[in-house]
Amino acid sequence: MARNDYHVIVYQILAYLYQCLKSGSDVDAKMLEYNSRLIKAGNETYWNYIMWNMYQSGLIDGIVFGHLDNLRYPIPQQLENCQITPIGIEYLCDNSFMEKAKRFLKDVKEITPFI
């Protein structure tokens, strides 16, 4: 597993959003950007793909997507309104890929910087 693997990035986003929800803190939109200190997606197209699929799967909500004809995946906007859904919480807590991603991040000491 690598730092920019799909499941690692999904874990980091969901874990961050869940911590914001539990603590009652506002989401820092900059933490959810593709090149933030939290997420190292590598490129914006990959990040758009991840965010779009998380949204389509019902793991996250509150994002507006901009659709441009020449782009394969819509562009996530208004990230400050992003939140984890109950389905996202269940996925985070009960999915074997999320557990593997969590172990990987612990091994490289890059666990999500929680609030």
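In this predicted model, Tyr 6, Tyr 49 and Tyr 73 are joined into a cluster by ring pairs. The count of aromatic pairs comes to 6. A pair of aromatic rings is described by the distance of the centres and the angle of the planes. For Trp 52 and Phe 65, the centres are 4.9 Å apart and the planes stand at 80°. The pair is edge-to-face, because an angle over 60 degrees between the planes falls in that class. Trp 52 belongs to helix α2 (residues 44-56) and Phe 65 to strand β2 (residues 64-66), so the pair ties together parts that are 13 residues apart in sequence. Phe 65 has a relative accessibility of 11% and therefore counts as buried, the cut-off being under 20%.

Turning to helix packing, the axes of α1 (residues 6-23) and α3 come within 10 Å of each other and cross at roughly 120°. The crossing of α1 and α3 is left-handed. On the α1 side, the contact is made by His 7, Val 10, Tyr 11, Leu 14, Ala 15, Tyr 18 and Leu 21. Their partners in α3 are Gly 88, Ile 89, Tyr 91, Leu 92 and Cys 93. Sorted by class, this contact has 10 nonpolar and 2 polar residues, with no charged ones.

Lys 100 sits in helix α4 (residues 96-107). With a relative accessible area of 41%, Lys 100 is partly exposed.

Thr 85 is placed in the loop between β4 and α3 (86-94). A relative accessible area of 12% makes Thr 85 buried. Leaving aside residues up to four places away in sequence, Thr 85 touches Gly 58, Leu 59, Ile 60 and Asp 61. Gln 78, by comparison, is found in the loop between β3 (75-77) and β4 (83-84). Although Gln 78 is not a glycine, its phi is positive, at about 55°. The relative accessible area of Gln 78 is 42%, so this residue is partly exposed.

Conventions. Residues numbered from 1 in each chain as written. Predicted model: local features only at pLDDT ≥ 70, side-chain atom pairs only at ≥ 80, totals over all residues. Heavy atoms only, no water. Helix = DSSP H or I, 4+ residues; strand = E, 2+ residues; numbered from the N terminus. Buried < 20%, exposed > 50% of the residue type's maximum accessible area, 1.4 Å probe, protein only. Contact = heavy atoms within 4.5 Å. Axes fitted to C-alpha atoms, helices over the stretch in contact; angles between N-to-C directions. Left-handed = near helix turned anticlockwise from the far one by under 90°. Nonpolar A, V, L, I, M, F, W, Y, C, P; charged D, E, K, R; others polar. Phe/Tyr/Trp six-rings, centres within 6.5 Å; stacked < 30°, edge-to-face > 60°.
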